[in-house]
Amino acid sequence: MAFSSPKNFSIPSHLAPSLPVLPIRQGFLLPGAGSPFTIAREASLAALDAAKDGWLIVAIQREPTADPGVSDLLPMAVLARILQPLGNRNKMRAVAIQGVARVTLRSFVRIEPYFEAGWSLIKTPWPDSPEAEGVRRALEKAVEEVAQLMGAEAQVKQMTAEVDDPSLLVDMLASVIESEVEWKHDILMTTDPLARAEKVLKQLAQVKEVIAAQHAVENRVRTEAKGHEREAILRRQLKAIQEELGDGDGDEGLKRLKDRLAAKPLPEEAKNAVDRELKRLERMQGQSLERNVAVDWLEWIADLPWGQYGSTEIDLNKLESVLDESHYGLEDVKKQVVEHLAVRKLAGHGRADVLLLVGPPGVGKTSVAQAIADATGRKLVRVALGGVRDESELRGHRRTYVGSRPGRLIEGLRRSETADPVVLLDEVDKMGRGWQGDPASALLEVLDPEQNHAFTDHYLEVPFDLSKVLFIATANDLSQVPAPLRDRMEILEIEGYTSDEKLTIAKAHVLKKLANNAGVDLTDVQISDDVLEEAIEGWTREAGVRQLQRVLGKLFRAAAVKKAKHQLEGPIAVTRENLGDYLGKRRFFQEVHELLERPGLAMGLAWTPMGGDVLFVEASKMPGTGQLVLTGQLGEVMKESAQAALTFVRSNAARLGADPEVLKHSDIHVHVPAGATPKDGPSAGVTMFTAIASLLTDRPVRSDVAMTGEMTLRGRVLPVGGIKAKVLAAHARGIRTVILPARNEVDLADLPEKVRKEMRFVPVSQMTEVLAEALEPRAGLPTLGLATPGSTTTPAA
């Protein structure tokens, strides 16, 4: 603890009834204390700039979140004044702030671009009573004793002489005492000055005991260490500290460690390594650094679950039941999971021991892994791989490095206490590669059944059997998973859910979970299927149900507020009319049919790691020399697709009904909206061709048609990927006709039956077939080489 002299400020009578609020997530401030703060958040910088004459309110956050809300602030705060700026660096500002008085935050009059709130001063003077006088004297005596132990008597005497208000002295002491954050929050919230003083007295007593114990240890070691070298002094200090803590039974601890190792069914190689390390340990000095490293290594060996296995029997009936209860739909995924574990049950091991669940966020990849662990009676170990760039994160650091530890896999096995848990390798597509090595390459040994029976962590340096572990990996984008890693896994794709499936999931799982999380009953919110469908269509646009959970959670939080205030007289009735009152303004509309009103606009389908999406392509012409202008942050493949589309239109202008002279003397501008989002891939070729052909033939594209496919210079339509995700996105947007490559027709079998019945699919193999189906008819159009609209339509079922 450090002492500083206070600065007294009188509160101006003309101070505004509302002041800027500066939220503090690190550090603390109490009346009478001054402290420097580094301000980096934009809202906090705006609050500093808005502080007139330097006056503002410093509010303490309950948790150190980066973007606090009003509910994240303590209701009591400190009226403060900015003393002086301390400098700027890298868009950060350092200022010195002095606390003046406690205030209560009232209603917030502004939340953007900074917080501004009304305030009321808390006046709690020091009482004039014998009890208060006794507390004051005890406080001064405790401060003097602590200062004497610290050698700061003069500084403390000067500080106490400048403070004539005992209540202010209490706050100053509380601000400099080293303590937990919760204790300082309690001090701020305590308005009674005597209660605050008693809490500070207790904390000062603890500080006094710590300092006295520290001095006792130092004095004893200093007496014993006269004439010895510095290394011997440090060793005796460590020994004295261990004696004070009652942790000096090193020999007894080593004996217990030997007993634990002897009870483990270690493989021969590991047993030999342990015996060698124990012999080395006996020759080492008591507190050498090398001895500590050896003991840590032996502790890790003793903690690992050598030969400890959980449930060995796989109940397939239970697995099917658990998957059906926890996940709606996903029949193909459930079937493949059951087949995979049936093979493992009969064969014990095999090539496809690793499952890779691929799909957008929120579709249930992680929960499928948890369901498998529950059904098989195993523990689930989650290894988060997103952002991992160092091979040592998985395989550990060698013992030669200070602070080295095993990798995440070995740490997970120690936590699970079994050698056959379910290990979830989460987000394998988001691993990076740095100068420290390639973590994806480290996984090759882990996931290969021919090698993982003798996995060697760099820290342990002895093989550990991972062949009984059931590995399950997840990813959003399969293309980001290295090919050698994909080769070691069986890939299960989870594309997403239809609106009807989301409705069923919400009724069966989501609503009950949200009610439990909010602390209310499911019956406290009354919502019909029609209103749920409205929420799904108007407030979410995703492949999974994660955003849907956040949206519906607002309904139950509203019920929780009323219930906490004892204002909930009956269930909240949510209707189409009042849905926006709870969820805010509607975010999504079925705007597709209003967009394609003039030539040059076409609607394509795209695949993203978040699921399928609808992609609009706009084409426009202007006087020029036949150049092609491309905008919308397109990748190289997409630019080449646009160039190929324009070349095909030029070479077939007469057949398509376009004027060659217009092409010769016009520049074509193709733009793909959402310009801030990078886009690439060949599947937009058909859409770009259709937009250009629509523009040059002056024929609008039908507003209920979306398309996907790669095109060639000869006008052929080639197959593309992600058909299921793309069609589900089109169905969610109200599109009922999809043009797709003929060779992708087999992918339609993966779609839900309801989607297949409600939509019309047109498989094509030539670009002329696309125009015949997509463009509105125009009198006098040449028909040479064009197919009749609808002639290639596939049945809906």
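**Ser 683.** I looked up Ser 683 and found it in the loop between β19 (666–671) and α26 (685–697); helices (H or I, at least four residues) and strands (E, at least two) are DSSP runs, numbered from the N terminus. At 16% relative accessibility, Ser 683 counts as buried (buried is under 20% relative accessible area, exposed over 50%, partly exposed in between, with a 1.4 Å probe and protein chains only). I noted that Ser 683 and Val 717 are 9.7 Å apart in space, C-alpha to C-alpha, and 34 residues apart in sequence.

**Basis of the entries.** The model is predicted, so I record that local features need pLDDT of at least 70 and side-chain atom pairs pLDDT 80 or more, while totals for chains, interfaces and linings use all residues. Residues are numbered from 1 along each chain as its sequence is written, and side-chain values use heavy atoms, with hydrogens and water left out.

**Salt bridges.** How many salt bridges does the rule give? I record a count of 38 salt bridges, each being a side-chain nitrogen of Lys or Arg within 4 Å of a carboxyl oxygen of Asp or Glu.

I looked up Lys 199 and found its salt bridge with Asp 186, with 2.8 Å between the closest N and O atoms. Lys 199 lies in helix α6 (residues 193–224) and Asp 186 in helix α5 (residues 181–189), so this pair ties together parts 13 residues apart in sequence. Lys 199 is partly exposed at 25% relative accessibility, and Asp 186 is partly exposed at 34%.

In the salt bridge of Arg 382 with Asp 426, the closest N and O atoms are 2.9 Å apart. The pair ties together parts 44 residues apart in sequence, because Arg 382 lies in strand β8 (residues 380–384) and Asp 426 in strand β9 (residues 422–426). I noted Arg 382 as partly exposed at 47% relative accessibility, whereas Asp 426 is buried at 5%.

For Arg 395 and Glu 445, I again found a salt bridge, its closest N and O atoms being 2.9 Å apart. Arg 395 belongs to helix α14 (residues 392–395) and Glu 445 to helix α16 (residues 439–447), so parts 50 residues apart in sequence are tied together. Arg 395 counts as buried at 15% relative accessibility, and Glu 445 counts as buried at 15%.

I also found a network of salt bridges that links Glu 277, Arg 280, Arg 398, Arg 399 and Glu 461.

**Backbone.** Most residues other than glycine have a negative phi, and most peptide bonds are trans. Glu 461, not a glycine, has a positive phi of about 60°. I located Glu 461 in the loop between β10 (455–456) and β11 (463–464), where it is partly exposed at 40% relative accessibility. Glu 427 likewise is not a glycine and has a positive phi of about 60°; Glu 427 lies in the loop between β9 and α16 and is partly exposed, with a relative accessible area of 22%.

Which residues does a cis peptide bond join? I found that bond between Glu 112 and Pro 113, with omega about 0°. Pro 113 sits in the loop between β5 (92–110) and β6 (115–121).

**Helix α15.** I examined α15 (residues 408–416) and found Leu 409, Ile 410, Gly 412, Leu 413 and Ser 416 buried. Down the axis of α15 these buried residues fall within an arc of 160°, so they line one face of the helix; the arc is that of the directions from the helix axis to the C-beta atoms.
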